[in-house]
Structures are given as structure tokens and as C-alpha cells.
Amino acid sequence: MDTVLHLINDTAEFYKWSLTIADKRVEQWPMMSSPFPTLGFSMLYLLFLWAGPRYMQHRDAFKLRKTLITYNFSMVLLNFYICKELFLGSRAAGYSFLCQPVNYSNDVNEVRIASALWWYYVSKGVEFLDTVFFIMRKKFNQISFLHVYHHCTMFILWWIGVKWVAGGQSFFGGTINSGIHVLMYSYYGLAAVGPHMHKYLWWKKYLTIIQMIQFHVTIGHAAHSLYSGCPFPAWMQWALIAYAITFIILFANFYYQTYRLRPRSKSPMNVSNGVTASAMTNGSVRSVEHVEENGKKQKKEQTKRE
């Protein structure tokens, strides 16, 4: 018991100390003064993951077509705004893509970058709706470990990122990932429009490939900063490397299971992977199997009537 109390006390003292080196510019911004709002939303997300499927089990699935179209294209606009602000702000501030320390000043460009990173953090909380829509539409099979792992960790880790390093090297990953999310939510927005759009959505497989490339670039970028002695917090670089490795493993497994093991006759475009962030999470595309199953049922019903 004493060991547990000492551990709790040491953790509390460490957190108090860490606040002394946190970014003073963001401490009064919404949800940034304390980790509890972020942790609270994350706990509610996990609770909904448990209660949602039980609530929907004996109820009809919601269609949500118009809601999905609105949501997906809203996310396109939000991620485009974040990507644009990070790119233009970093150029105006003269940022280096190889090594950029955090500037905690109130320079207009530095605050612009910090603000864009805060919106990036907020977008990770909004993305919880991906899972909510899955559950409401009874797409339970698309809520994979990768899906849940990505959503829970990104929201919490980017609170830490904005709290302590809202600038510098942080702009690099945020810019790339928000740009990829513009493509990803564009894909799902078009898919939600209707089946007549599916013939134009052959490029889903390449989104997964782009995301895997992103993780390798992140590792290389962080490793170069550590090797060159870039004065950006080393703990953040090591955390990025470890985090990216977990995604490479999980994405590689998903890619192999989806595009290598499945019969080639099944179009990869119609395989919903249930991954987001960097991943696909809207489930707007109906699978080939589902279409074929409905066709068989219709034929049986027609035979019975005849």
C-alpha cells in the first residue's frame, strides 16, 4: 500500500513540475488547462464502445446518408484549414523542415502555428464520431483494434503535444497527417453520396500505402533530429518513433489481411477497413459480399413468389 501511495505522490509531483515547463501561451485555451476534459471524453468514448452495440443490438440500423455526407466534407474543410495554416504559418516563420526548435514567443506566426495544432488536437476528438456512426449503422465488424487504438491515443497524445510543444518540429507531422485526412475524408464523402460514385473510388488502397509511408517519414524525421542534436525535446522525438512503429506494424497487418489474403476477384475498393488517421473510419462503402448477399436473398424471395 505504501508503494502505491508513493507512486501516486511521485506522479503528482512530476505532473506539477511538468507544468512549469509547459507552453504558457495555451494554458488558458479551451480544454488545455487540465488533462481531465480530454481524459473524460476518452472515457466516454470507451463507454460508448461498450454500451452502443448493446443498445443497437435489437434495433434497426440508422442510414445516416446525409449526415455522413455532411460530416465527411466538414472534416475535409477542417483538415484543409489545419494543413493550410500549418504550411503557411511555418513558411512565414521561416521554419526548417529538418530541425526546428519550439519558439514559445507570442510572435504572430508562432501563435498561428500553435492555434492550428490546437485545432488539429480538437479534430482528433471530433473523429470519435467515426466510431459513433459505425455503431449507429451497426457496422460492428469495422471497429477493429487499430481503429480504437488510433482514436483513443491520438486525442490524448496530441493534448500532450499542444500542452508542451505547440510549435517547432510538431508542425511537420500535423501538416502531413491533416493533408492525408483531406484525401481520406474526401474519399468517404464521395462514397457516401451513393453507389454510382464507387467506380471513381479505386484509390482506397493507395490511401493506406500513403499512410504507411507517412509513418516511415515520421520515424526518419525524428531520428534525424535526434542524430543531429536538434534542440527539440528528445522525449517527444522518441515518443513519435515508438508510436509510429506501432502503426507500421498494425497497418502492415491490415494491408496484408485486406489486399494480399483476400481473393483478387474482390475489389479492394469495397473492403471497409475501419481505420482512420491516419486511417479509414467511416464505413461509407458497402462491401461486395453484402451486395452479393442481398442479391441472393432477392432471387430466393422472387423464386418463392413464383
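Modeller: Helices (H or I, at least four residues) and strands (E, at least two) are DSSP runs, numbered from the N terminus. This is a predicted model, in which local features need pLDDT of at least 70 and side-chain atom pairs count only at pLDDT 80 or more, while totals for chains, interfaces and linings use all residues. Residues are numbered from 1 along each chain as its sequence is written, and side-chain values use heavy atoms, with hydrogens and water left out.

Biologist: Where does K138 lie, and what is its phi?
Modeller: K138 belongs to the loop that runs between α5 (128-136) and α6. K138 is partly exposed, at a relative accessible area of 29%, where buried means under 20%, exposed over 50% and partly exposed in between (1.4 Å probe, protein chains only). K138 is a residue other than glycine, and its phi is positive, near 60 degrees.

Biologist: Is L64 buried or exposed?
Modeller: L64 is placed in the loop between α2 and α3 (65-92), and although L64 is not a glycine, its phi is positive at about 60 degrees. With a relative accessible area of 16%, L64 is buried.

Biologist: How many helices and strands are there in the protein?
Modeller: Along the sequence the pattern reads α-α-α-α-α-α-α-α-α-α. Of the 306 residues of the protein, 45% count as buried. The protein has 10 helices and 0 strands.

Biologist: At what angle do α2 and α6 pack?
Modeller: Axes are lines fitted to C-alpha atoms, for helices over the stretch in contact, and angles run from 0 to 180 degrees between N-to-C directions. The axes of α2 (residues 36-56) and α6 (residues 145-164) are 10 Å apart, and the helices pack at an angle of about 170 degrees. Because angles over 145 degrees count as roughly antiparallel (under 35 roughly parallel, 65 to 115 roughly perpendicular, the rest oblique), α2 is roughly antiparallel to α6. The value asked for is about 170 degrees.

Biologist: How do the residues of the contact of α2 with α6 divide?
Modeller: Contact means heavy atoms within 4.5 Å, and the residues that meet include F41, Y45 and L49 in α2 and V148, F155 and W159 in α6. Ala, Val, Leu, Ile, Met, Phe, Trp, Tyr, Cys and Pro count as nonpolar, Asp, Glu, Lys and Arg as charged, and the others, Gly among them, as polar. The division is 10 nonpolar, 4 polar and no charged.

Biologist: Which residues make the contact of α5 with α6?
Modeller: The axes of α5 and α6 come within 9 Å and cross at roughly 145 degrees. The residues of this contact divide into 4 nonpolar, 3 polar and 1 charged. They are F128, D130, T131 and F134 of α5, together with H147, H151, C152 and F155 of α6.

Biologist: What covers the buried residues of α9?
Modeller: The 27 residues of α9 reach 37 Å from first C-alpha to last, close to the 39 Å expected at 1.5 Å a residue, where the expected span is 1.5 Å times one less than the number of residues. Among the buried residues of α9 are M236, I241, F247 and F254. The covering elements include α6, α7 (170-193) and α8 (204-228).

Biologist: What separates the C-alpha atoms of T246 and L146?
Modeller: T246 lies in α9 (residues 234-260) and is partly exposed, with a relative accessible area of 27%. T246 and L146 are 100 residues apart along the chain, and their C-alpha atoms are separated by 9.7 Å.
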